[in-house]
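Reader: I have a model open and would like to learn how to read it. Where do we start?

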Amino acid sequence: MTMLANHETADPGPSATAEPVLRLRDLRLRFGHGGADLVAGVSLTVGRGETLCVVGESGCGKSVTALALMGLLPTPPARITGGEAIFEGRDLFQLTERERADLRGSAMGMIFQEPMTSLNPAFTVGQQIAEGVMRHRQVSKAQARAIALDILKRVRIPAPEKRLDSYPHQLSGGMRQRVMIAMALVNQPRLLIADEPTTALDVTIQAQVLALIAQLQRETGTAMILITHDLGVVAEVATHVAVMYAGRVVEAGPVEAIFTDPQHPYTIGLMGAMPSLGARQGSLSTIPGTVPPADDMPDGCRFAPRCPFAQDNCRAEDPPLREVAAHHSAACWYAPLEEKLPASDTRRAAA
Ligand SMILES: Nc1ncnc2c1ncn2[C@@H]1O[C@H](COP(=O)(O)OP(=O)(O)OP(=O)(O)O)[C@@H](O)[C@H]1O
Ligand code: SF4
Ligand SMILES: [Mg+2]
């Protein structure tokens, strides 16, 4: 599989602002009482057929944001303190638990990193997929089993008839993840959220499973939010990218803009951490310093303690996320950097 193949050949689609499937605005959430918001104003938009990759260092709030969208955040201890998530005209955060459960597994699907946390060891693969079908559609048991068989074929499980009657522990990790993908897609969701869906798999299997998700997503036109640490994956499947830092989105835009014209110093650092656009080993951890804890965030720009361009005003006032080019936003007082910083050398941030 060659890197960039997808977005060299496929139309990256309109910006996430066109025909949005989900609009998350200013999500704020925290754990426990008092303290500070761990997620402190996250906004994301994903449109039909688009793949929004969410990247950012460990602990920046990617998974809790995904769980909040799915209605799977344990509350308590978590508490959503602000924001709205408009999905098909309704604010997810205003729905009842029953309404949220109706959306999960039908209009919204989720793929987790570790399939065993979502598969029930006591039921066969066929029973679990068929149950998901019958919960949301008026079909007989036999029809649900036929639908389950069909989706197992579509996720290219070897010997699908036999696998219908297999228990999860009888499958390899890669096959279990294919079952998870089958369960997430069987009711044709309009939004798919995948949180590091291939991280727990062998490297060779990772590429296959990822290619499968990307292909099914393209075939169905499902909007996808894909959380990943792997910039090679982003280069391969993203149409859009949101870069998170310390509980915020610091930059967002079409994938080409983020890779070729990053505007936030943190993004520039991430790109510097990636040897080349085609490389798979991109790591997000080579920027000196660490993310401050939620209850000890600096005033002003949260990236200032690690930013090579930080000025006094950065430490005083928090930069809002604002458009720096068409459909491309950054939360930095000095974006676009080349124009606003005197004697700036943006490559310095990557060094
Ligand atoms: N159940 C919980 N109770 C208390 N704090 C939690 C809980 N779940 C998550 N957190 C806090 O939220 C922070 C952000 O977690 P999250 O899992 O969203 O990070 P992430 O961006 O997905 O990181 P990673 O890349 O490592 O998956 C964690 O560092 C942790 O402190
Ligand atoms: S606002 Fe200032 S500290 Fe924050 S990223 Fe921009 S230059 Fe760096
Ligand atoms: Mg996570």
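Reader: Which residues does V234 touch, not counting residues up to four places away in sequence?

Author: This is a predicted model, where local features need pLDDT of at least 70, side-chain atom pairs count only at pLDDT 80 or more, and totals for chains, interfaces and linings use all residues. Residues are numbered from 1 along each chain as its sequence is written, chains are lettered from A and ligands numbered from 1 in the order in which they are written, and side-chain values use heavy atoms, with hydrogens and water left out. Contact means heavy atoms within 4.5 Å; on that basis V234 touches C53, V55, T228, V241, V255 and F259.

Reader: Is V234 buried or exposed?

Author: Buried means under 20% relative accessible area, exposed over 50%, partly exposed in between (1.4 Å probe, protein chains only). V234 has 1% relative accessibility, so it counts as buried. V234 belongs to helix α9, residues 231-237; helices (H or I, at least four residues) and strands (E, at least two) are DSSP runs, numbered from the N terminus.

Reader: What is the order of the strands in the open sheet?

Author: Strands of a sheet pair through backbone hydrogen bonds, either parallel or antiparallel. Two strands count as paired if DSSP finds at least two bridges between them. Here 8 strands form an open sheet in the order β6-β7-β8-β3-β9-β10-β12-β11, with mixed pairing. β6 (108-111) and β11 (322-325) are at the edges with a single partner strand each, so one side of each has no neighbour in the sheet.

Reader: How many bridges join β9 and β10?

Author: Strands β9 (240-245) and β10 (248-254) pair in the antiparallel sense over 6 bridges, and V243 stands opposite E251 in β10.
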